Amino acid sequence: MIDQYGRVIDYLRISLTQRCNLRCIYCMPEKNTEIQEEYLSFDEIVRIVSLMSQMGICHVRLTGGEPLLRKNLCDLVKSIKKIPGIETVHLTTNGILLKQMIDGLADAGLDGVNISLDTRDRENFARITRRDRLFLVEDSLKLLRKYPNMTVKINCVMMDQKDREFLEIAELARENPFFVRYIEMMPIGLGRQNRGRNEEEIKQLLQRMYGPYREVREKIGNGPCHYYEFQDFQGKIGFISAVTHKFCSSCNRVRLTSDGFLKTCLQYETGGDLRKILRSQAKDQEIFEYIKQIIFHKPKEHQFFNSKEMKEESHLMSQIGG
Ligand code: SAM
Ligand code: SF4
């Protein structure tokens with residue numbers, strides 16, 4: 001599927017729930033009592049993915065909120081993997097519940113896992129996530145080494161962590177064939193209140209510790225991350241810098257929220273309500289045409305610090321799926 005600006009859209013991120021078992025300060029308020037979600041059933045999600053696969057969507061990521069809170073997640077992974085045209089299914093999780101689910105997910109054919117981990121310092125983890133559960137994430141990371149067929153990526157949002165903490169995260173890529181990605185804080189939802197470190201600062205820090213790096217030219221993954229190789233590292237270090245290195249001109253993604261809104265840009269509330277049309281007894285062809293025109297009108301780019309034209313996103317990142 002090609003949008004009005006000629007971009008190929010082949011990647012769908014599906015948020016499975018707005019709920020979460022952590023409360024990261026830049027993502028979700030401590031008291032998240034307003035959630036009254038009427039999320040899409042797995043059958044509805046599979047129907048949407050089947051239609052979108054016929055438009056060229058071939059990569060799917062399951063996210064949230066915390067996707068591992070949805071029951072029978074392995075069944076969903078299995079069903080999506082069976083859809084003709086779908087090449088990969090990945091998961092983004094905080095890793096808290098992964099230990100008890102990883103076997104089932106691997107059997108279901110999951111291609112890879114992204115774990116969000118901003119620090120390996122117990123105290124700071126408890127401060128950032130408002131929960132003292134770092135040990136569960138560390139356990140999951142240890143376990144993931146036993147699944148060589150699964151790509152493992154660590155997402156670390158750059159805030160005011162100490163240099164030592166950024167280096168402790170980098171160690172995961174030195175000691176394992178993992179991809180560690182440092183992510184610039186995006187001014188969305190609660191993230192508007194946090195100004196973090198940027199790519200250049202962290203690259204300099206890593207260079208001081210590990211010596212010179214080499215830029216990886218070949219494309220890795222389906223997203224906008226660019227990677228670097230350091231000597232003696234089993235894995236790679238990457239950066240997702242949506243603010244300082246805008247990548248909208250090559251954006252290949254759309255997002256489906258847990259309540260069925262197909263969202264075409266992270267910053268704006270543009271898109272369409274698929275739950276409504278699905279539940280209106282519409283025929284596949286009608287839904288197909290509806291989705292096609294939504295994707296076609298995907299906005300050209302974000303204007304994080306200068307948006308006047310369109311209605312800006314008012315939801316939290318936990319409601320959008322990151
Ligand atoms: N709960 C899962 C997790 O944490 O991986 C999946 C959902 S979470 C919303 C997805 C990703 O969005 C996480 O890696 C999180 O760090 C990131 N995120 C949330 N708010 C952000 C912001 N304002 N800027 C950049 N990344 C953000
Ligand atoms: Fe939950 Fe993920 Fe948001 Fe943290 S970033 S509160 S783990 S949804």
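**Ground rules.** I'm working with a predicted model, where local features need pLDDT of at least 70 and side-chain atom pairs count only at pLDDT 80 or more, while totals for chains, interfaces and linings use all residues. Residues are numbered from 1 along each chain as its sequence is written, chains are lettered from A and ligands numbered from 1 in the order written, and side-chain values use heavy atoms, without hydrogens and water.

**Aromatic pairs.** I looked up ring pairs and got 9 of them. Rings of Phe, Tyr and Trp (its six-membered ring) pair if their centres lie within 6.5 Å; planes under 30 degrees apart are stacked, over 60 edge-to-face, and the rest tilted. Phe166 and Tyr182 make an edge-to-face pair, with 6.0 Å between centres and 65 degrees between planes. This pair ties together distant parts of the chain: Phe166 is in helix 6 (residues 163-175) and Tyr182 in strand 6 (residues 179-184), 16 residues apart. Helices (H or I, at least four residues) and strands (E, at least two) are DSSP runs, numbered from the N terminus. Phe166 and Tyr182 are both buried. I noted the cut-offs: buried is under 20% relative accessible area, exposed is over 50%, and partly exposed is in between (1.4 Å probe, protein chains only).

Next I checked Phe230 and Phe233: their ring centres are 5.5 Å apart and their planes meet at 40 degrees, so I wrote this pair down as tilted. Phe230 and Phe233 are buried too. Both pairs belong to one aromatic cluster, which also takes in Tyr210, Tyr213, Tyr228 and Phe239.

**Charges over rings.** Which ring does the charged end of Arg70 sit over? I found Tyr39, with the charge 3.7 Å from the ring centre. Lys153 does likewise over Phe179, at 5.9 Å. The test is that NZ of Lys or CZ of Arg lies within 6 Å of the ring centre and within 35 degrees of the ring normal.

**Salt bridges.** My search of the whole structure gave 19 salt bridges, each a side-chain nitrogen of Lys or Arg within 4 Å of a carboxyl oxygen of Asp or Glu. Glu38 and Arg279 form one at 2.5 Å, N to O. They sit 241 residues apart, Glu38 in the loop between strand 1 (11-15) and helix 1 (42-53), Arg279 in the loop between helix 8 (274-278) and helix 9 (284-296). Glu38 is partly exposed because its relative accessibility is 47%, and Arg279 is partly exposed at 36%. Glu44 joins Glu38 and Arg279 in a network of salt bridges.

I also looked at Glu199 and Lys203, which meet at 3.0 Å, N to O. Both are in helix 7 (residues 199-210), 4 residues apart, about one turn of the helix. Buried or exposed? Glu199 is buried, at 1%, and Lys203 is buried, at 7%.

**Ligand 2.** The residues around ligand 2 are Cys20, Leu22, Cys24, Cys27, Gly65 and Asn94, "near" meaning a heavy atom within 4 Å. By class I get 4 nonpolar, 2 polar and no charged residues. Here Ala, Val, Leu, Ile, Met, Phe, Trp, Tyr, Cys and Pro count as nonpolar, Asp, Glu, Lys and Arg as charged, and the others, Gly among them, as polar.

**Positive phi.** Asp232 isn't a glycine, yet its phi is positive, near 70 degrees. Asp232 is in the loop between strand 8 (226-230) and strand 9 (236-240), and is exposed at 66%. Gln281 also has a positive phi, about 65 degrees. Gln281 is in the loop between helix 8 and helix 9, and counts as exposed at 71%.
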